[in-house]
Each structure stands twice: as C-alpha cells, then as structure tokens.
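Here is a walk through some side-chain contacts, going from charged groups to aromatic rings and then to one helix. Keep the viewer open as you read.

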Amino acid sequence: MFHDDWEIYGDGSGNPEVLMFEPARRLLDICDDYGVKYTFFAEYGQQLAMINSPVRQHREWANTWEYILKDAIKRGHDVQLHYHPQWLNAQYTNGEWALDFEKWALASLSYKDLYSSLEQGKLYIENLLQPVRKSYRIIAFRAVGWIHPPSKYIY
C-alpha cells in the first residue's frame, strides 16, 4: 500500500488545487488502473482552519477536499489522520495565514491541546467518512514532519 500526507506548505502558503486536489485525483486514477490501494494522511489542522475561515474560497477548498476523501473511500482506498499543530488558532490576515510556529512539534503542546486536537481530528474524519463506508475507522496517525521527540503526553 502506498501513502503520503496531504496538505499545502507548512507555512500556510500554496494553492490546494495545485498541491492537493489535482495530484490526488490523478493518483487515485493511477492506483485504480493498477489495482493498488492508497492511504491519504489527511491534515486536520489545515482543514479546520479552512472550514472556519471567513474567506469563501477557503471554505470551498475544504468542501472539495472532503469530496476527494469521500471519493477515495468509495473507491476502496484509505484515509488516516495527519496533524500540524501550528494550525491551532490560525488566522488569515492580509492575504496570508498566520500560523503559530512555536507549536510545530506535537511535544510542544499541553496535554489538553494535544488530546483535544487529536480527538477532534479523529472524530471529524470518521464522521465525514463513515456515511460512505460504515466500517471506516481511524487506526493510524502521522505526526508533523516526523517530529516526535520524547513527551510524557504523547504515549
């Protein structure tokens, strides 16, 4: 099975249509042609910021990404959780995202923020995809940028 994480650039820049949507559609078609299964590690922090953004284009991008993830599940592929905590409390001002890079590593989060973020991400993705495949569950998580230093909270 092939997999990767899906998001715009880690600083909040980039166009999801170019960086995520078109490549995901092409990849799904190629995988289907060759009978290969694929796992999308879908970034939750970015998605939540897009959903809650006052910018209509961001909300449209969030809807498009949800459609692509549902389509992947319909086709028999998988979606799992990926999370960049720098998106916590992200704000879109002056045409760009302001992210909190003090929270780049999961270990920098308080227990409450860590647990709450991962729980919300799990519930969001499961609630999105279980109507498509009733048995769907989050069973895997990919940490941000492979940054997983020792932390008493992460275990």
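Start with Arg75, whose side chain meets that of Asp32 in a salt bridge, 2.8 Å from N to O. This pair links distant parts of the chain: Arg75 is in the loop between H3 and E3, while Asp32 belongs to helix H1, 43 residues apart. Keep in mind that this is a predicted model.

Put together, Asp29, Asp32, Asp71 and Arg75 are linked in a network of salt bridges, and the structure holds 7 salt bridges.

## How open is the network?

Are these side chains buried or exposed? Buried would need a relative accessible area under 20%, and exposed one over 50%. Arg75 comes in at 26%, so it counts as partly exposed. Asp29, at 38%, is partly exposed as well, and so is Asp32, at 33%.

## Aromatic pairs

Now for the rings: the structure holds 11 aromatic pairs. One of them is Trp87 with Trp97, with ring centres 5.2 Å apart and planes at 70°, so the pair is edge-to-face. Trp87 sits in the loop between E3 and strand E4 (91-93) and Trp97 in strand E5 (residues 96-98), so the pair ties together parts that are 10 residues apart in sequence. Trp87 is buried, with a relative accessible area of 5%, and Trp97 is buried too, at 9%.

Trp97 also pairs with Tyr92: their ring centres are 5.1 Å apart and their planes are at 65°, so this pair is edge-to-face as well.

Elsewhere, Trp6, Phe21, Tyr38, Phe40 and Trp65 form one aromatic cluster. Phe41 has a charged neighbour instead: the charged end of Arg142 sits over its ring, 4.5 Å from the centre.

## Helix H2 and its cover

Which residues of helix H2 (residues 44-52) are buried? The list is Tyr44, Gly45, Gln46, Gln47, Ala49 and Met50. What covers the buried residues of H2 includes H1, strand E2 (38-43) and H3, along with E3, E5 and helix H4 (111-129).

Technical notes:
Residues are numbered from 1 along each chain as its sequence is written. This is a predicted model: local features need pLDDT of at least 70, side-chain atom pairs count only at pLDDT 80 or more; totals for chains, interfaces and linings use all residues. Side-chain values use heavy atoms; hydrogens and water are left out. A salt bridge is a side-chain nitrogen of Lys or Arg within 4 Å of a carboxyl oxygen of Asp or Glu. Buried means under 20% relative accessible area, exposed over 50%, partly exposed in between (1.4 Å probe, protein chains only). Helices (H or I, at least four residues) and strands (E, at least two) are DSSP runs, numbered from the N terminus. Rings of Phe, Tyr and Trp (its six-membered ring) pair if their centres lie within 6.5 Å; planes under 30 degrees apart count as stacked, over 60 as edge-to-face and the rest as tilted. A charge sits over a ring if NZ of Lys or CZ of Arg is within 6 Å of the ring centre and within 35 degrees of the ring normal. Contact means heavy atoms within 4.5 Å.
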